[in-house]
Amino acid sequence: MNFDLTSEQLMLKKMMTEFADEVVAPGADERDRTKQFPVEIFKQMAELNLMGLPFSEEYGGAGADSTSFAIVVEELSRACGSTGITYSAHISLGGAPLSLFGTEEQKHKYLSKICSGESFGAFGLTEPNAGSDAGGTRTNAVLKDREWVINGSKCFITNASHASFLALTAVTDKEKGSRGITAFIVPTDAPGFTVVDNYEKLGLHSSNTTELILENVQVPEENMLGKEGEGFKQFLITLDGGRIGIGAMAVGIAQAAHDKALQYAKQRTAFGNSLSHFQAIQHKLADMAMQIELARNMVYKAAWLKDKGRKFTKEAAMAKLYASEVAMSATHQAIQIHGGYGYMREYQVERFFRDARLLEIGEGTSEILRNVIAREIGC
Ligand SMILES: Cc1cc2nc3c(=O)[nH]c(=O)nc-3n(C[C@H](O)[C@H](O)[C@H](O)COP(=O)(O)OP(=O)(O)OC[C@H]3O[C@@H](n4cnc5c(N)ncnc54)[C@H](O)[C@@H]3O)c2cc1C
């Protein structure tokens with residue numbers, strides 16, 4: 001057993017803590033208000049060679065491990081949840097399927113652009129009538145004269161306005177159910193492809209969430225990702241990795257809530273004492289600290305198993321489920337500790353609370369994750 005980060009991971013954590021505090025945090029409230037996508041931050045991250053962090057150096061990545069990915073997501077999310085989800089989706093939903101299932105040619109052509117930051121990574125799975133039940137995908141692809149013709153729509157897709165291409169799923173054989181779903185790499189400027197950035201969201205305002213409309217979009221035969229009929233299996237594998245990212249994001253937001261609440265509890269006085277003097281407040285902070293530590297350990301364990309090449313479906317589901325519930329509870333209590341000021345924008349904890357809410361929904365709702373864990377423990 002070894003609970004220490006490696007020297008590389010410690011260096012990365014130090015660098016990311018500074019980057020988050022100095023570059024990401026200062027504009028986070030303003031971006032939340034104006035819904036401005038943090039493009040400048042990502043230009044700097046590209047210069048730091050972070051955009052392809054866990055991918056092979058052969059395609060321009062940094063060849064780092066999944067724990068390093070979790071560290072970067074946690075630190076970004078501690079400063080700004082929108083920046084955290086943008087990065088997490090870029091790597092684990094955009095880049096990972098290309099890295100896992102792409103041909104050499106596809107990796108050189110597409111993954112390299114993700115690693116350099118030339119394109120953001122995105123992944124189109126969810127549809128208006130197929131979210132948790134992704135087997136109900138209706139977008140379809142038909143092969144005609146060596147071109148796949150794709151028709152349908154996708155909803156809630158992260159980063160697509162800033163992606164030059166993305167992987168998406170479509171039905172290629174209706175008779176085969178979930179085994180008739182195939183993944184394709186689709187350029188976002190293909191004729192008939194429309195990306196709509198029009199959602200009014202509760203939080204994560206400066207992240208990009210889009211609707212995709214595909215009307216007779218044609219892609220060459222070689223744009224199929226992996227084998228025909230394996231799209232469903234591929235996205236289950238992709239989401240296992242993505243859940244490490246969402247878990248890390250939850251830890252980052254929960255940590256930010258804890259830090260603000262502790263600082264406030266020490267400064268604010270009531271009944272002649274600082275709030276931190278009251279045991280009721282101390283217990284809230286102690287619970288937050290304990291739960292954040294446990295959530296982080298679980299995220300790291302899932303990442304460690306993944307890097308060892310071992311099965312991590314159950315642990316990634318547990319990490320994401322537990323950490324997202326910790327983030328909700330920590331942000332809720334952080335508002336409580338701030339009293340009326342916690343309800344005001346100026347004190348930031350309301351932003352953390354709004355941003356955290358997505359974590360119980362995206363990449364597997366809490367109900368679906370409990371189903372996954374139940375299945376994994378043999379129910
Ligand atoms: C901001 C944001 C970003 C997103 N980014 C992406 C992205 O980049 N790519 C992408 O493909 N998708 C993305 N999504 C979609 C997200 O993954 C889905 O919203 C999520 O999987 C839930 O699907 P749904 O919204 O259709 O809800 P539904 O599946 O309709 O679920 C509604 C409710 O029913 C419950 N439920 C459903 N089935 C069961 C069951 N069997 N047992 C018990 N309860 C059940 C759910 O838990 C939930 O509480 C994003 C969503 C948001 C809000």
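So, how many nonpolar, polar and charged residues are in the shell around the ligand? There are 8 nonpolar, 8 polar and 2 charged ones, with Gly, for instance, counted as polar.

Quick caveat: this is a predicted model, where local features need pLDDT of at least 70 and side-chain atom pairs count only at pLDDT 80 or more, while totals for chains, interfaces and linings use all residues. Residues are numbered from 1 along each chain, and side-chain values use heavy atoms, leaving out hydrogens and water.

Okay, the shell. We've got 18 residues around the ligand, each with a heavy atom within 4 Å of it. Thr126, Ser132, Phe156, Thr365 and Glu367 are the closest.

Now the polar contacts, meaning N or O atom pairs within 3.5 Å. Phe156 puts a polar backbone atom 2.7 Å from a ligand nitrogen. Thr158 has a polar side-chain atom 2.8 Å from a nitrogen of the ligand. Over at Glu367, a polar side-chain atom sits 2.7 Å from a ligand oxygen. And the protein covers 63% of the 980 Å² of accessible area the ligand has on its own, using Shrake-Rupley with a 1.4 Å probe.

Definitions and conventions
Polar contact = N/O pair within 3.5 Å; in protein donor to acceptor, adjacent residues only side chain to side chain.
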